Amino acid sequence: MSLFKSVKIINSGKAILLSRKKGTPLRYHSTWLRDNALDSKTRDKKNGQRLISISDIPITTYIKSASLSKKGKEIIINFLPKKKQVKFSSSWLEKHAYDKKERNSKVWINPDLKIWSKATLKRVPIINYKSAKSDKKLLLKWLKSLHCYGFAKMSGCEKKSGTISKIANLFGYIRETNYGKWFDVKSKSNAVNLAYTNLALKAHTDNPYRNPVPTIQILHCLKNSTKGGDSKVVDGFNAALRLKKVNKRYFNLLSKYCSRFEFKRKKNAHLKSRFPMIALSPDGELTAVHFNNRSIAPITDVPYNDMTNYYKAYRKFSSIIDDPAMALTFKLNPGECFILDNTRVLHARTGYSGKGSRWLQGCYVDKDGLLSTILTL
Ligand code: FE2
């Protein structure tokens with residue numbers, strides 16, 4: 001289908017302007033067009049990787065002529081001083097348009113994500129392990145929901161140690177750490193981590209002391225017959241946006257300055273990192289939340305004059321995260337697991353005691369695997 005009405009060379013050949021049938025005109029620079037050519041001398045036919053580098057494109061590159069093909073499906077461009085003809089499909093150019101208004105450094109989130117709270121997350125995305133393994137359509141739908149909400153559940157998993165690696169392999173690869181390929185979450189004496197006790201754990205993201213931070217976490221339940229030990233999850237992006245709404249200054253402090261995190265075990269691990277509690281990309285995308293009261297280290301990157309307000313901001317952010325209206329609470333049953341985006345969704349546990357036992361296994365998976373599986377499925 002033809003998307004464009006006409007093409008015009010502008011700025012002495014340094015750009016083109018494409019008038020669209022629908023929407024505002026789009027401009028593209030000569031260097032950008034040359035760099036993104038899709039011909040077999042610019043990109044390898046088999047793997048699609050670029051065969052040229054920026055230094056192969058003369059700085060004086062300009063467009064000698066540009067025309068639309070008869071049916072308007074293609075745009076044909078001739079470059080000089082290095083003679084080169086390149087064709088682009090209209091749909092490819094429109095899909096990769098960048099002639100947009102500046103974002104004004106406003107905070108924004110990926111449009112594929114949905115912010116939630118206890119009241120708005122009506123249905124938790126859930127899939128049965130067998131269906132996930134055998135039905136690619138259902139698996140894709142569930143993985144998309146996992147990405148969208150940063151949280152999903154799975155039922156019907158085997159109640160056997162190590163099953164978690166099979167679950168991870170449905171969409172990615174386990175990231176091994178000093179805790180092993182996977183780790184047991186149950187009460188132990190002399191626990192190396194408070195997670196391995198029966199104490200309540202406040203909502204947190206896992207391992208913020210690690211850089212890069214683990215991006216996906218799976219927790220698989222093998223036993224859970226104790227009193228208490230319920231799981232809670234909180235949308236950290238919602239908490240960050242709520243903080244921004246109630247106090248923009250607090251939000252700015254937590255995103256401007258880095259906090260510090262540390263985990264030290266005598267023999268085999270000493271991990272340290274520096275992250276803002278609320279991480280933004282340079283153009284304002286909310287990319288991560290790092291929050292963990294157990295592993296926060298002395299904060300030394302906030303200037304003296306801002307420290308009082310930084311602590312006020314930290315306290316407010318913490319109270320929003322702990323607001324019961326934010327959390328989804330549930331008891332994980334044996335054979336169930338939950339998966340969360342550890343860069344966004346915080347998890348918590350109520351304390352437990354009495355008879356019975358509680359045994360969970362956890363592991364980390366890299367999020368790139370999840371996103372790649374979504375795209376390839
Ligand atoms: Fe945790």
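**Rings and the iron site**

Modeller: The charged end of K186 is placed over the ring of W359, 4.2 Å from the ring centre (NZ of Lys or CZ of Arg within 6 Å of the centre and within 35 degrees of the ring normal). The model is predicted, so local features need pLDDT of at least 70 and side-chain atom pairs pLDDT 80 or more, while totals for chains, interfaces and linings use all residues. Residues are numbered from 1 along each chain as its sequence is written, and side-chain values use heavy atoms, with hydrogens and water left out.

Rings of Phe, Tyr and Trp (its six-membered ring) pair when their centres lie within 6.5 Å, with planes under 30 degrees apart counted as stacked, over 60 as edge-to-face and the rest as tilted; there are 16 aromatic pairs by this rule. In one of them, the centres of F291 and F317 are 5.5 Å apart and the planes stand at 90°, so the pair is edge-to-face. Because F291 lies in the loop between β18 (286-289) and α8 (304-322), and F317 in helix α8, the pair ties together parts 26 residues apart in sequence (DSSP runs numbered from the N terminus: helices H or I, at least four residues; strands E, at least two). Both F291 and F317 are buried (under 20% relative accessible area, 1.4 Å probe, protein chains only). Elsewhere, ring pairs join Y28, W32, F88, W92 and Y98 into a cluster.

At the metal site, H204 (NE2), D206 (OD) and H347 (NE2) coordinate the iron ion at 2.1 to 2.2 Å (donors being N, O and S atoms within 2.8 Å of the metal, or 3.2 Å for Na, K and Ca; water is not among the atoms, so sites may look incomplete). Along the chain these donors follow the spacing H-x1-D-x140-H. H204 is buried, with a relative accessible area of 2%, and D206 is buried with 9%.

Note on methods:
Buried < 20%, exposed > 50% of the residue type's maximum accessible area, 1.4 Å probe, protein only.
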